[in-house]
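Subject: Structure handover

Hello,

Here is the structure for you to look over.

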Amino acid sequence: MNRTVVFILKSIAKAVSLMIGVSILAFTLVTVSPLDPVRMNVGNTAYNSMSPEKKAELASYWGVDTPPVERYLHWAKEFLHGNMGISLKYNRAVSEIIRQKFLNSMVLMLLAWLLSGVLGFCMGVLAGARRGGLIDKLVQGYSIVLASMPTFWIALVFLMLFAVKLQWFPFGMSVPIGMDPADVTIFDSLRHLILPTITLSVVGVANIALHTREKMIDIMESDYVLYARARGDSEWEIIRRHALRNILIPAITLQFASISEIFGGSVLVEQVFSYPGLGQAAVTAGLGGDVALLLGISVITAVFVFGGNLIANILYGVIDPRIRRGQNGGK
Amino acid sequence: METKKTILDISDLSISFVQYDRGLQQIDLPVITNLNVKVGEGEIVAVVGSSGSGKSLLAHAILGLLPENANVVGRMEFAGELLTPARILQVRGKEIALVPQSVNYLDPLMKVGPQVRNGSKKPEKIRRQKSLFQKYDLSRETEELFPFELSGGMARRVLLSAAQMHKSRLLIADEPTPGLHLAMAKRAMRDFRAFADEGNGVLLITHDIELALEVADRITVFYAGTTVEEALVTDFSSEKLLRHPYTKALWNALPQNGFRGIEGLQPYVKDMPKGCPFGPRCSNRTDACEGEIPLRQVRGGAVRCILTEEKKEA
């Protein structure tokens, strides 16, 4: 029982320090960025034609003249009170923007995460089960080629091929252009989701397949598989009875650790497909000097990635008997 | 002895591995050459050799567990039938059972009970497993343990139970005792004896010559991947009854026989001496030792040495 309390307290401490670290880092990066937030906000032409008084007024309105440390502390204090601030770019509450963008991104990322996880796992298991076989060669070839391609480039190629040339899917956005939001059906939304999801998964698959394959090879060369063979188990029985059981733990860890990659990939993919999600909002915020929005997104993302790793850790303890039962007196 | 049937008969077994030496040059690395082992009904035959002599590979060859780059030449017979790769697939785990070295050969994530039953939920399998556990003094709760929760002695008994889930004719025990203290090791040996006495065969692969002498009927001495001597366990009562200089050296190295070692090391497969592999360490070496050394039948045993005399040495 004590152990659990300590674990929870430790996890909270880690999460808090991570959030502080991420927010300071993001804040510093935006602060030292050469982009002037006021200029970015009102636009270059408007800014140049403004009187110096007006410029000064705007600068003081957005707090440009306040020292950075003070600005950060102010933001942190408000954040703790649940106020994430107003977005410079969208002129709306950051929390509201994040909620809306997050919903869009979430569906995309969740689908891509599941798809790449399941596909990558199956491919890795099949490839590793018979090392050097035809499936192994295909999976390896696919994974190495895919892993060496930049995500945004694949996104562009898919866009050109499937959206522009073949016209199977819309070329971007999350709803049909010019349609009243009230008329958008779930079918429309799904149709817009398919291409970004496939792009994101296709890249994620490679990584997971290669890692799973590696683990699978280790298992197939282990002493207990050798012994299972000696006991007359067929290859299929060995895979079903021993390999899958043993590969599940590393696979789950990998799957939850890959959340960060899906987040990273979604920034690029959303940009290419003009998909109005969190990733795109992050890019907009970063380029527009929108400190409040960027900090909000960074912190929320960090919490999610941290949560993923935490879940992996907890699951590890639940699934692996060596950890679960080894605590009380085992070896 | 004469009426007993042979369960396992291995003659002139050679195993080599294809390896890349330097760059793309392939070499054939011989790890076992002209090995001979025979196990009869009711017999425990110990294959004794130091580590690196190729003992475990023998077990792997019989069970068809060698990696793909291994070349196997020679003749293996099991219960009077030629042991072909297809036949191996039929008998392994059923008529030939392996008792592995340690608990590491059990799936770490599978409970012991189901693992011994090989995942089977059939009532007769469960009954058999339970009765075997009872026979080996394993409590009911043992079934529900994971391999890492077993003590060394329990692990050995679990592995022994697993080997007897089928009615096997031959048990291959690959170093079954390291890590066990003497009482446990002796108990393990008694279990093997009991199994052999039911008319089965046990091939005991070990580096522990004292243990082998304790339990085995015949001893096959292994040196640098080949059989140098086949002796009855009674031959070990006196140095004079032994046939090969290496066996004699082993005998002399036993604490009760003087505890004297000899110079040198077993040669590595890549720089094997010409002729007799033991030649460089042998005090009786002659020029003829660099030629072909056949396995000869001498005084009810066999020896791969041209110098051994037919009659009892004075």
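This is a predicted model: local features need pLDDT of at least 70, side-chain atom pairs count only at pLDDT 80 or more; totals for chains, interfaces and linings use all residues.

Residues are numbered from 1 along each chain as its sequence is written, chains are lettered from A and ligands numbered from 1 in the order in which they are written, and side-chain values use heavy atoms, with hydrogens and water left out.

**Pocket**

The search ran on a 1 Å grid over the protein atoms alone. A pocket is an open set of points with protein on both sides within 12 Å along at least five of seven lines. A cavity is a set of points where a 1.4 Å probe fits but cannot get out. Lining residues have an atom within 4 Å of a point. Points are joined across faces, edges and corners, and a volume is the space filled by probe spheres set on them.

The largest pocket has a volume of about 1,400 Å³. Its lining comprises 38 residues; nearest the centre are B:Gly64, B:Leu65, B:Leu66, B:Pro67 and B:Glu68. Both chains take part: α6 (94–129), α9 (186–220) and α10 (223–230) of chain A, and α1 (55–62), β4 (70–78) and α2 (85–91) of chain B, each give two or more residues to the lining. Helices (H or I, at least four residues) and strands (E, at least two) are DSSP runs, numbered from the N terminus. β4(B) gives the largest share, 6 residues. By type, the lining of the largest pocket splits into 19 nonpolar, 9 polar and 10 charged. Here Ala, Val, Leu, Ile, Met, Phe, Trp, Tyr, Cys and Pro count as nonpolar, Asp, Glu, Lys and Arg as charged, and the others, Gly among them, as polar.

**Cavities**

There are 3 cavities of 30 Å³ or more. The largest cavity holds about 70 Å³ of space. It is lined by 13 residues, with B:Cys276, B:Cys282, B:Cys289, B:Cys305 and B:Leu307 closest to its centre. That lining has 9 nonpolar, 2 polar and 2 charged residues.

The second largest cavity holds about 40 Å³. Residues of both chains line it, including A:Tyr224, A:Asp233, A:His242, B:Tyr105 and B:Asn118. α10(A) gives the most, 3 residues.

**Salt bridges**

A salt bridge is a side-chain nitrogen of Lys or Arg within 4 Å of a carboxyl oxygen of Asp or Glu. The count over all chains is 21. For cover, buried means under 20% relative accessible area, exposed over 50%, and partly exposed in between (1.4 Å probe, protein chains only).

- A:Asp233 pairs with A:Arg241, with the closest N and O atoms 3.1 Å apart. A:Asp233 is buried at 4% relative accessible area. A:Arg241 is buried too, at 11%.
- B:Arg75 and B:Glu77 form a salt bridge at 2.8 Å, N to O. B:Arg75 is partly exposed at 42%.
- B:Lys130 and B:Glu143 form a salt bridge at 3.0 Å, N to O. B:Lys130 lies in helix α4 (residues 123–135) of chain B and B:Glu143 in the loop between α4 and α5 (152–163), so the pair ties together parts 13 residues apart in sequence. B:Lys130 is partly exposed at 32%, whereas B:Glu143 is buried at 11%.
- A:Asp136, A:Arg213 and A:Glu214 are linked in a network of salt bridges.

**Surface patch**

A nonpolar patch on the surface has about 730 Å² of accessible area; among its residues are A:Phe7, A:Ile8, A:Ile24 and A:Ile314. Areas come from the Shrake-Rupley method with a 1.4 Å probe, and for residues only the protein chains shown count as cover. Patches use residues with over 30% relative accessible area and no salt bridge; like charges are joined within 9 Å, nonpolar side chains (Val, Leu, Ile, Met, Phe, Trp, Tyr) within 5 Å. α1 (2–32) and α14 (291–319) of chain A each supply at least two residues. α1(A) brings the largest share, 6 residues. A:Ile8 sits in that helix and is partly exposed at 45%.

**Backbone angles**

B:Ala79 has a positive phi of about 50° although it is not a glycine. B:Ala79 is in the loop between β4 and β5 (81–82) of chain B and is partly exposed at 41%. B:Ala224 also has a positive phi, near 50°. B:Ala224 is in the loop between β9 (218–223) and β10 (226–232) of chain B and is buried at 7%.

Best wishes
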